[in-house]
Amino acid sequence: MAAHLHDSVLQTLAMIQRSDDPQRMTTLARAQERDLRAWLFDSTDADRTGTVGEGITAAASKVEAAFDIPVEVVVVGDRPIDDAANTLVAAAAEAMANAAEHSGARTISVYVECTEDAVDAWVTDQGSGFDPDAVPDHRKGISESILARMSRTGGEASVDSTPGEGTEVHLRSGPR
């Protein structure tokens, strides 16, 4: 629940704080309210879609709309979404949002490869990069919403970033 609230409500509140456009603030708040209500009260899992490709594409569309930055998506193969793949889609969405909010990149690239047994996803930006070891403990976007989220469902995640050179987040759901 904490990861979902971070990915949705807290990020929207941060965007609203940075906006000086009242219409944009209202639009963000209403969209977040709808999403939160659907998540809280719709037992069918409002974020779940039919396939991994559909989930990644929907997540990319949300990031594009929220941050006004293009997200280029390539999906090779596809498969029905299950709990582990749904977790990967949520972690990829968080990685896209982090890149959009913090990297300063002009675009974000997402490459997803689905096989019968596994899903791999890479979220890449050519932005400012950062030192992953220097992220303060109170910042939970990477540690909880990406790394721990993937670990809880038996998946793997890694973050490779260098200041001045951009960031790549690799997610894997399924056996090695």
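This report describes selected side-chain pairs, surface features and contacts in a predicted model.

## Salt bridges

Three salt bridges are found in a search of the whole structure. One of them joins Asp120 and Arg172, whose side chains meet at 2.3 Å, N to O. Asp120 lies in strand 3 and Arg172 in strand 5, so that this pair, 52 residues apart, links distant parts of the chain. Both Asp120 and Arg172 are buried.

Another salt bridge is formed by Arg79 with Asp82, and here the closest N and O atoms are 3.4 Å apart. The two partners fall into separate classes of accessibility. Arg79 counts as buried because its relative accessibility is 15%, under the cut-off of 20% for that class. Asp82 has a relative accessible area of 32% and is therefore partly exposed.

Glu144 and Arg152 also meet through their side chains in a salt bridge, with an N to O distance of 3.9 Å. Glu144 is partly exposed because its relative accessible area is 35%. Arg152 has a relative accessibility of 54% and therefore counts as exposed, the cut-off for that class being over 50%.

## The aromatic pair

The structure holds one aromatic pair. Its members are Tyr111 and Trp122, and the arrangement is tilted, with 5.7 Å from centre to centre and 35° between the planes. The pair links distant parts of the chain, since Tyr111 belongs to strand 2 and Trp122 to strand 3 (residues 119-125), eleven residues apart.

Tyr111 counts as partly exposed because its relative accessibility is 30%. Trp122, at 24% relative accessibility, therefore counts as partly exposed.

## A nonpolar surface patch

Together with Val74 and Val76, Tyr111 makes a nonpolar surface patch of about 220 Å². The strand that holds Tyr111, strand 2, covers residues 108-114.

Thr167 is placed in strand 5, which runs over residues 166-173. With a relative accessibility of 9%, Thr167 counts as buried, because that class takes in values under 20%.

The side chain of Thr167 makes a polar contact with the side chain of Ser161 at 2.7 Å. When residues up to four places away in sequence are not counted, Thr167 touches Val123, Thr124, Asp125, Gly129, Phe130, Val159, Asp160 and Ser161.

## The loop around Thr153

Thr153 is found in the loop between helix 5 (143-152) and strand 4 (156-162). Because its relative accessibility is 37%, Thr153 counts as partly exposed.

Leaving out residues up to four places away in sequence, Thr153 touches Ala84 and Thr87. Thr153 and Gly174 are separated by 21 residues in sequence, and their C-alpha atoms are 9.3 Å apart in space.

Definitions and conventions
Residues numbered from 1 in each chain as written. Predicted model: local features only at pLDDT ≥ 70, side-chain atom pairs only at ≥ 80, totals over all residues. Heavy atoms only, no water. Patch = residues over 30% accessible without salt bridge, like charges linked within 9 Å, V, L, I, M, F, W, Y side chains within 5 Å. Areas by Shrake-Rupley, 256 points an atom, 1.4 Å probe, with all protein chains shown as cover. Salt bridge = Lys/Arg side-chain N within 4 Å of Asp/Glu carboxyl O. Helix = DSSP H or I, 4+ residues; strand = E, 2+ residues; numbered from the N terminus. Buried < 20%, exposed > 50% of the residue type's maximum accessible area, 1.4 Å probe, protein only. Polar contact = N/O pair within 3.5 Å; in protein donor to acceptor, adjacent residues only side chain to side chain. Contact = heavy atoms within 4.5 Å. Phe/Tyr/Trp six-rings, centres within 6.5 Å; stacked < 30°, edge-to-face > 60°.
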